[in-house]
Amino acid sequence: MQNQPAFTAQELNAYQSDGYLIIRNFCLPEETDRLYSTALNDNAMSKNALDLNDQSGKKTRLSLWFTPGNDVFGYLTRSEKMVNRVAELLDGDAPVCHFHLKLMQKEPRVGGAWEWHQDYGYWYKNQFMFPDQLMSVMVALTAANKDNGCLQVIKGSHKLGRVNHGFAGEQVGADMVMVNNALQTMPIVYCELQPGDALFFHSNLLHRSEANLSDAPRWSIISCYSLRSNLAYAETSTSWKTPIDVVPDGAVLNWQAESLSNNDFLTKENDPALKETGWEK
């Protein structure tokens, strides 16, 4: 880990206050090109993709796996610049671990919406104890804007704590009474990103995205992190409690990368977030 702070004091204060932080040009253009090319051309992504219906019946597609490996996405997830920043934002001094990694594939005209939710609304079912020790980092592989369904966040909503969640289509959605109260209280922000920009956000930040009705794809990679001190009593994977084996920032461009077919992909039937627990209704 580096000794110099990864963020300025102003950036740290903004994250604590707003629940999110955008870092422009987090990845070099050459890094983003290699990541996107791999996402398009490695058939493990399409073979292991999950299709989840939103409330209108449009499909959202994602590929999710747990252990960050020796592929280009694993190198990004494990990179010094990523892990150093995550360590500064998570609440605690325990080693940073990796929960899971998602490739979000929102295709032109057909890519569905994501309903209002908190990531901890899902991860509560994994029985993680401490939401302040969980976060996500989205890196845009293509431009994300209002036209193609960029992420929307309710600024400061992470301070609400966990909101009740139930099923919205095949997704897990937040209680809309509380969401509407939040929308009257706090501003909504459209997180428009260029390829290579990164969005760091708290596990309790309310967020959603519209369907992609444009002619342009919206693809992104989302790495989700926890601290080793954050116990998950209903999670069967092991990466969440394994400290990350950090690699140099140059690995994405310069290291030989394995195929994504070696990764431990999630299947729908093994996702605890999609199982009824009795309190969703």
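Predicted model: local features only at pLDDT ≥ 70, side-chain atom pairs only at ≥ 80, totals over all residues.
Residues are numbered from 1 along each chain as its sequence is written, and side-chain values use heavy atoms, with hydrogens and water left out.

Let's start with the rings. Searching the whole structure turns up eleven aromatic pairs (rings of Phe, Tyr and Trp, taking the six-membered ring of Trp, with centres within 6.5 Å; planes under 30 degrees apart are stacked, over 60 edge-to-face, and the rest tilted). One of them is Phe-26 with Phe-200: the centres are 5.8 Å apart and the planes at 85 degrees, so this pair is edge-to-face. Phe-26 sits in the loop between β1 (20-23) and α2 (29-41), while Phe-200 belongs to strand β11 (residues 198-202), so the pair ties together parts 174 residues apart in sequence. (Helices, H or I of at least four residues, and strands, E of at least two, are DSSP runs numbered from the N terminus.) Both Phe-26 and Phe-200 are buried, meaning under 20% relative accessible area, where exposed is over 50% and partly exposed lies in between (1.4 Å probe, protein chains only).

Trp-65 and Phe-73 make another edge-to-face pair, with 6.2 Å from centre to centre and 70 degrees between the planes. These two are buried as well. Elsewhere, Phe-66, Phe-99, Trp-123, Phe-128 and Trp-240 come together as one aromatic cluster.

Now for a strand. In β4 (residues 96-106), eleven of eleven residues are buried. Its partner is strand β13 (residues 218-227): ten bridges join the two, which run antiparallel (strands pair if DSSP finds at least two bridges between them). Across this pairing, Leu-103 stands opposite Ile-221 in β13.

Asp-42, in the loop between α2 and α3 (43-47), is buried yet has no salt bridge, and the nearest side chain of opposite charge, Lys-47, is 8.1 Å away. (A salt bridge needs a side-chain nitrogen of Lys or Arg within 4 Å of a carboxyl oxygen of Asp or Glu; Lys and Arg count as positive, Asp and Glu as negative, and His and the chain ends are not counted.) Asn-230 is found in the loop between β13 and α8 (251-254), and its 0% relative accessibility is why it counts as buried. Asn-230 and Leu-134 are 96 residues apart in sequence, yet 8.2 Å apart in space, C-alpha to C-alpha.
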